[in-house]
There are 4 protein chains.
Amino acid sequence: MAGRHRPYADAVPGLPPARYAYLGPEGTFTEAAARQVPAADRSDLEPYASVPAALEAVRLGDVQGAVVPLENSVEGSVNATLDELLSGEPLMITREVVLPVEFVLLARAGTDLSDVRQVTTHPHAEAQCRSWLAEHLPGVRVLPASSTAAAAAAVAAPDSPYDAAISAPVAGERYGLVVLAKAIGDNPDAVTRFVLVTRPGPAPQPTGADKTSLVAFIRDDHPGALLEILEQFTTRGVNLTRIESRPTGVGIGRYCFAVDCEGHVDDARVGEALMGLRRTCADVRFLGSYPRADGVPPTEAYGTANGDFADAAAWLHSLRG
Amino acid sequence: MAGRHRPYADAVPGLPPARYAYLGPEGTFTEAAARQVPAADRSDLEPYASVPAALEAVRLGDVQGAVVPLENSVEGSVNATLDELLSGEPLMITREVVLPVEFVLLARAGTDLSDVRQVTTHPHAEAQCRSWLAEHLPGVRVLPASSTAAAAAAVAAPDSPYDAAISAPVAGERYGLVVLAKAIGDNPDAVTRFVLVTRPGPAPQPTGADKTSLVAFIRDDHPGALLEILEQFTTRGVNLTRIESRPTGVGIGRYCFAVDCEGHVDDARVGEALMGLRRTCADVRFLGSYPRADGVPPTEAYGTANGDFADAAAWLHSLRG
Amino acid sequence: MAGRHRPYADAVPGLPPARYAYLGPEGTFTEAAARQVPAADRSDLEPYASVPAALEAVRLGDVQGAVVPLENSVEGSVNATLDELLSGEPLMITREVVLPVEFVLLARAGTDLSDVRQVTTHPHAEAQCRSWLAEHLPGVRVLPASSTAAAAAAVAAPDSPYDAAISAPVAGERYGLVVLAKAIGDNPDAVTRFVLVTRPGPAPQPTGADKTSLVAFIRDDHPGALLEILEQFTTRGVNLTRIESRPTGVGIGRYCFAVDCEGHVDDARVGEALMGLRRTCADVRFLGSYPRADGVPPTEAYGTANGDFADAAAWLHSLRG
Amino acid sequence: MAGRHRPYADAVPGLPPARYAYLGPEGTFTEAAARQVPAADRSDLEPYASVPAALEAVRLGDVQGAVVPLENSVEGSVNATLDELLSGEPLMITREVVLPVEFVLLARAGTDLSDVRQVTTHPHAEAQCRSWLAEHLPGVRVLPASSTAAAAAAVAAPDSPYDAAISAPVAGERYGLVVLAKAIGDNPDAVTRFVLVTRPGPAPQPTGADKTSLVAFIRDDHPGALLEILEQFTTRGVNLTRIESRPTGVGIGRYCFAVDCEGHVDDARVGEALMGLRRTCADVRFLGSYPRADGVPPTEAYGTANGDFADAAAWLHSLRG
């Protein structure tokens, strides 16, 4: 079914190109993620100084969509993305991009690894490359930058005091630097997750390997309240891939839960779970159904396929006579 | 809504009276229960020697329905009723009758309590009147009968060796005996439950205070299998009033669960729970929805009214676009 | 570990033999079950007219123990056993016996199957042999008896009007009858379960294949109350083999749950589940831990062996410093 | 019981003062949080460039403890704190500080609000003060800084191009600026949460209003795996205050759950829940028990007090004989 998915909000021939926002500055991992979204890559891609600013541009219609980090980001506040999505004018996630967190050491052309004395990068990136630095650049000085992209820009600047930057590969292209060393992060399996956010509309069609994101606001805070929410999923055989509680800011002890689950809003089991939440929670905000970046199809528990729901509905109909 | 309930399977004017079965012999608590079912009371009521025989008569069309004990009976095997309902040709419960277990001491006219030397009754009835017997008839001899009705019949027989019988009040009328003492059971709150069983058909209309009975056959026997069945109810806010596991007789470790829950198959929450069982169990046998004898309306948890289900369905429809 | 189990309450050499009760009359399936309990078989076995009478004899110390039906009995009220166990002076189950429900056709010596015109038996037994009767004795008359043993006794009586009885095999020996046909029940896999009940004392030692029986009284009746009880078991990986709700007779809507689970009170997981019930229920009545009749060892979920509990306790101790 | 809590790792008279780390630079909300920890406030407080660097200093023994953001931070990556805590050498949370996110507009002495043309701050702070800026400083230019503290420092610098900074109040004191406007954030209820992290040791004594933090690593990823973890808490009546799933980085589909719950590791119900997780999860990392910043005592469900656990243990002991 994967072929059924039509590129979302694509540019229209003969019209001015669409515009997409991303969390800047240029040369960040988020720009690299945005380049992986075909519709965005063919459009004008504009860096925004913060996640709220990028999402506000979507709400105002200044851009077709925005690519922002949702999980595990090296840079930027991931909480900011979630907090923006769960309040204010509704927005919708229509795509996810999962990128390996690949760090490279960038320098001006002609620099040799043995020439490097001063390195700049974002402190989180430094922390994630500590082992490599200790082994290959012992004694080198590492100075903080406000982002890995700003670090690359600083190295590229005339009269730069820095010899090299730890950045995303995309920053090398952006600032005309060469790669002195690749894959220098301590955890080669680290990934980071981004989403394309648009104004609300029909969800992309099911592909057979989809995720659904939502936020459920609990009615009152008692032991077992979270369990009751989760049972709405497990009773229908819907597997969660992520959960995070968030204070809602309205008084003490009020929580919401941001949840990603397997499956698409068009799936019977996901639909029934959503209705269960809608009935029993204070509020539910649907954040979208979209293809999984990893293409992994859902675990389908016994009796939870669309056909099983249809059979059960026919049976109930016959009982009711 | 109570007024909406139409008498079920009533006699039709101008036609020969309908026939109803009950677990005999005449004069038992089951006959008393059958007399409380208007349609049965207006019809020919026939005693059958066993629950299976009475239910077989229903299946064969010999009778319109049968009144049989389902819970807590003083006489007869309650398991037999359930076992008959969960196998063989489907049957349906269309009414329940809950009777106080009221024991009386019956004797021939002219007998005084001080004359009583030999009492007969069913051993279970003797056990339930032990305190009264010890206080009011110390030293009296109690001899076993095959039922409380047979005990009354034996007292009424010419040349009876017995002075009195412990029986249901209905046995007094039946065998022309007088009541020497009333309410002689040790537990004045004891009740026993009977059901009217018919061939399958549309359930009686909802009254607002209904029960639904069913049997769920689990697919495989693992820790938590029962819990998964119960979650199908609790997730939809459906309260159980009775549960009983039964071996299915097919190999070791295979179980089914006989369940009574609050509500009617026409209720949205009950319907969705039934569909959940249908999808995830090996089999589900619907045994009927019928008015509760006690007229107690269901506990209605937040978000589980029919209107809540309709609102949630409309919301999901809007999400699906 | 099976060898560790010491016969319970055995007769002591040189002393008068112990006495055991069973649900009579002589020649029933219950007597056959009692014969399978070594301690009872070596003792005086006495029939009692009802389950309450047999259990009262245990409470009064008249007998060492009583063998009574607990599940699925052909004769007698199984509910009576449970109701007796869950109220009154505490008693304890120390052994279970599971017997095939094997029906035989018994007659006086010299009777041939072709001579049989009138058969007597308990109505439930008749119902369970209906197919065999239809095939092998079409047109024969079947008359009710108060038990399958009483049926055999009636056939053995001088001038008996009956040619044959449907009974348990043990009734043939008891009343000097011969077997005209064996295994005449419609369900060859049917079994029935009996228990040996004694006064409270130390449970038989664990054998590695044990059951634990208890009754849990819920505090208040709300949707999910039963689920909370069951979670006390599933959280500790304890599998249930039987559950039955029972009204407690104290007001409307008050229930208790009779539960059999895998494992022994000495098992860590069973002990913790029992404590969880004790803390959160209105009351818990422990009915005993005893070897399973089928010798099937428990399903042992990950992390629920005694060693796992000991490791976890040591870890917690280290955390608490 | 609040008075029982002894300041943790306090400075010792006559010895050189203890040293504490915090996420810098100077003048951030994190410094303000660190100032609320008495032991830290009396010690040398040192800013670190990143959360990993601050926590590494704890592990190496360079500092007694580190104050880092754990939830909802305006600046810095909260994920970084959690990721550091759940891997590497174990650390322990011994205190939490919850601060209102109060933004102020800072300027050099003599500046009037009407003089302000250029403002600098961190983009997230700008986003959170958008309404105030639109109303009180329409048309003003806002330029990004790498932190709210860096913004204040930039305003304080000689020849600064900026007229004002949006910062934490503590930055005003730090950089000698005056407050032009207070409480300029759009959400007056916003709070942010910090923790004091030390090397492992005995937890602070229970105060009656405590939290416990831990990370549970699930064994395998199936529908209901999270539910099973949560049931370990709800079965013992332990209320969660926060939950967040995190990929563990080891292959696809492997998760852990960071959980905060009410109560102290010394509480019986918390201890039993911890043991349940220890037995059934792949791993559990205990992150500490510490007083709640808000002093709210736990919801105590029926049967979950320490005395209830002790009573149940005594009962089980008596059953085991």
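This is a predicted model: local features need pLDDT of at least 70, side-chain atom pairs count only at pLDDT 80 or more; totals for chains, interfaces and linings use all residues.
When I call a residue buried, I mean that its relative accessible area is under 20%, with exposed meaning over 50% and partly exposed anything in between, using a 1.4 Å probe and protein chains only. By that rule C:Cys129 is buried, at a relative accessible area of 0%. C:Cys256 is buried as well, at 1%, and C:Cys256 is in no disulfide, since a disulfide is a pair of cysteine sulfur atoms within 2.5 Å, and the nearest cysteine sulfur, that of C:Cys281, is 10 Å away.

Residues are numbered from 1 along each chain as its sequence is written, chains are lettered from A and ligands numbered from 1 in the order in which they are written, and side-chain values use heavy atoms, leaving out hydrogens and water.

Now to chains C and D. How much area is buried between chain C and chain D? About 3000 Å², of which carbon and sulfur atoms give 62%, where buried area is the accessible area (1.4 Å probe) that two parts lose on being put together, summed over both. C:Arg279, C:Tyr302 and C:Trp315 supply 26% of what chain C buries against chain D, more than any other three residues. There are 2 salt bridges between these chains, each a side-chain nitrogen of Lys or Arg within 4 Å of a carboxyl oxygen of Asp or Glu, and D:Glu272 forms one with C:Arg236, their closest N and O atoms being 2.5 Å apart.
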